[in-house]
Amino acid sequence: MPSVLEELRWRGLVALTTDEEALAAALASGPVTVYCGFDPTAPSLHFGNLVQLIVLRWMQRAGHRVICLVGGSTGLIGDPRPTAERVLKTREQTADWVDRIRAQVRPFLEFEGENPALLVDNLDWTAPISALDFLRDIGKHFRVNAMLRKEAVAARLSSEEGISYTEFSYQILQALDFLHLYREYGCTLQTGGQDQWGNLTAGVDLIRRVEGAGVHVLATPLITDSAGVKFGKSEGNAVWLSADMTSPYAFYQYWINVEDASVVLLLKAFTERSAEEIAELERATVERPQARAAQRALAADVTALVHGRPATDAVIRASRALFGQDDLAAVDAATLRAALEETGLHRVSDPSPTVVALLRESGLAASNSEARRTVAEGGAYLNNRRMTDPDEVPGDAELLHGRYLVVRRGKRHVAGVEISAG
RNA sequence: GGCAGGUUGCCCGAGUGGCCAAAGGGAGCUGACUGUAAAUCAGCCGCGCAAGCUACGGGAGUUCGAAUCUCUCACCUGCCA
């Protein structure tokens, strides 16, 4: 059986670590306590956080003790982005987001049983510290020169925008978390994204200084497509794990549409399929690319992980109905309705809407201008029929089962409209 | 507190009185090819059917006319105190 480190490595989830030999030895010699932090920068976790959750799953499965930290305090400060200063969130909003994220994390890890994961909030140990205590007891351990060398800080210092003292201090808070968890739970490993390397290692340095102990960091790589662009953006929006923010249908479609050149990489990182299965899917992609077997497997697995099996089955059925070869008129009413509800079913009370109105009402075009443009470009379809007149009104005979229309923009944007006269 | 520079469309960035709904690039959308892929090529890319309207950090002015000039407020950067 391969070690967790080997498992994570072949899956492409290890970018760099502190002293790899020592880390491998520690992981081999018995259960290690590992933590990863999630800051509440939004009401939901997103694609990037998924990578971290998956790493924690592998860790827990290998028998290690997992601590999932939600950043109630670090979220109030904000880690420095290389580009620009963050806008401070209110305490109320941050607290609300902390609650949501706590709930969201639960299905990914085992919180019961023999080796339960632990869920902690760094606000609990950070809030009671006074400014004077902070400066005297903690600040003394940090050298400004070292802090300035962190990549995120350096980038901001050399930018027009500069950096506030608030964000500059972020790394201290994160280091303090690691120290606290080390003392409280014997935590000796922190995981996180590679872009967090500076913040991750700040804790290693602090623990060495005050406790004289060597602890570890494992950073995951930034996952990018063949053009070097980060994954996790769809239509310019983030891919969220919350069903309210990215519907399970949209989530599934995101993975289905992944380029061939990246699908193997993603299967390794985001699914639990074996090397043999993935090799098989890779072969299938080369031999019968139009079948999209690898993308289907990827989309099904990841959607099931995030949204559960029933939601995934519904979404697969919907995709099959809408993108299948069958004549839409042949799809039975219940199936069609269910499919359209997945894509978003919009009620239209106007009994005779124009093509432009339908594109708008279905959310496929943001404005009338955009809708007209789409028609002019030849990208507007009603029930798979290309529409050429923006002002055309579909006749009653076109309504599927007397009331549904499948509106499509381009090859892959589909939405449903239900005409509810009266 | 003083002085200097900056704030342009989703992002970067040009534009210093009319020819500016604003160059160029990126992102994005659509078409062709194909496979709900990539690459390539082409078109599009504020709102409006249109007339026109709204927009270049906020506000007030000058002018026939302002993204461009003046005043003022806010924020950012740098230098000086």
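Which residue forms a salt bridge with Glu 280, and how far apart are the closest N and O atoms?

A: The partner is Arg 283, and the closest N and O atoms of the pair are 2.6 Å apart. A salt bridge here is a side-chain nitrogen of Lys or Arg within 4 Å of a carboxyl oxygen of Asp or Glu. The model is predicted: local features need pLDDT of at least 70, side-chain atom pairs count only at pLDDT 80 or more, and totals for chains, interfaces and linings use all residues. Residues are numbered from 1 along each chain as its sequence is written, chains are lettered from A and ligands numbered from 1 in the order in which they are written, and side-chain values use heavy atoms, with hydrogens and water left out.

Now place the pair. Glu 280 and Arg 283 both sit in helix α15, residues 275–287. They are 3 residues apart, about one turn of the helix. Helices (H or I, at least four residues) and strands (E, at least two) are DSSP runs, numbered from the N terminus.

Glu 280 is partly exposed, at 43% relative accessibility. Arg 283 is also partly exposed, at 43%. Buried means under 20% relative accessible area, exposed means over 50%, and partly exposed lies in between (1.4 Å probe, protein chains only).

Next, look for other salt bridges. The whole structure has 19 of them. One of these joins Asp 96 to Arg 100, at 3.3 Å from N to O. Both residues belong to helix α5, residues 91–105. They are 4 residues apart, so about one helical turn separates them. Asp 96 is partly exposed, at 34%. Arg 100 is partly exposed too, at 42%.

Arg 9 bridges to Glu 20, with the closest N and O atoms 2.6 Å apart. Arg 9 lies in α1 (residues 4–10) and Glu 20 in α2 (residues 20–28), so the contact ties together parts that are 11 residues apart in sequence. Arg 9 counts as partly exposed, at 40%. Glu 20 does as well, at 33%.

Salt bridges can also form a network. Here one network links Arg 337, Glu 341, Arg 347, Arg 403 and Glu 418.

Turn to the helix of residues 293–307, called α16. It has 15 residues. Its first and last C-alpha atoms are 21 Å apart, close to the 21 Å expected at 1.5 Å a residue. The expected span is 1.5 Å times one less than the number of residues. In α16, 11 of the 15 residues are buried, so the helix is largely enclosed by the rest of the structure. Among the buried ones are Ala 294, Leu 298, Val 302 and His 307.

Compare helix α3, residues 47–61. Its 15 residues should span 21 Å, and its end C-alpha atoms are 21 Å apart, which agrees. In α3, 13 of the 15 residues are buried, so this helix is largely enclosed as well. Gly 63 follows α3, with a positive phi near 95°.

Now visit the surface. Arg 136, Lys 140, Arg 143 and Arg 209 form a positive patch. Patch residues have over 30% relative accessible area and no salt bridge; like charges are joined within 9 Å, and nonpolar side chains (Val, Leu, Ile, Met, Phe, Trp, Tyr) within 5 Å. Arg 143 sits in the loop between α7 (131–138) and α8 (144–149). Arg 143 is exposed, with a relative accessible area of 54%.

A nonpolar patch is made of Val 144, Leu 148 and Leu 157. Together they have about 230 Å² of accessible area. Leu 148 lies in helix α8. Leu 148 is partly exposed, at 31%.

Trp 197 belongs to helix α12, residues 197–211. Trp 197 is partly exposed, at 25%. Trp 197 and Leu 218 are 21 residues apart in sequence, yet 8.8 Å apart in space, C-alpha to C-alpha.

Finally, step back. Chain A has 20 helices and 13 strands. Of its 422 residues, 47% count as buried. Its C-alpha trace spans about 80 × 50 × 40 Å along the principal axes.

Technical notes:
Accessible areas come from the Shrake-Rupley method with a 1.4 Å probe; for residues, only the protein chains shown count as cover. Lys and Arg count as positive and Asp and Glu as negative; His and the chain ends are not counted. The place of a charge is taken as NZ of Lys, CZ of Arg, CG of Asp or CD of Glu.
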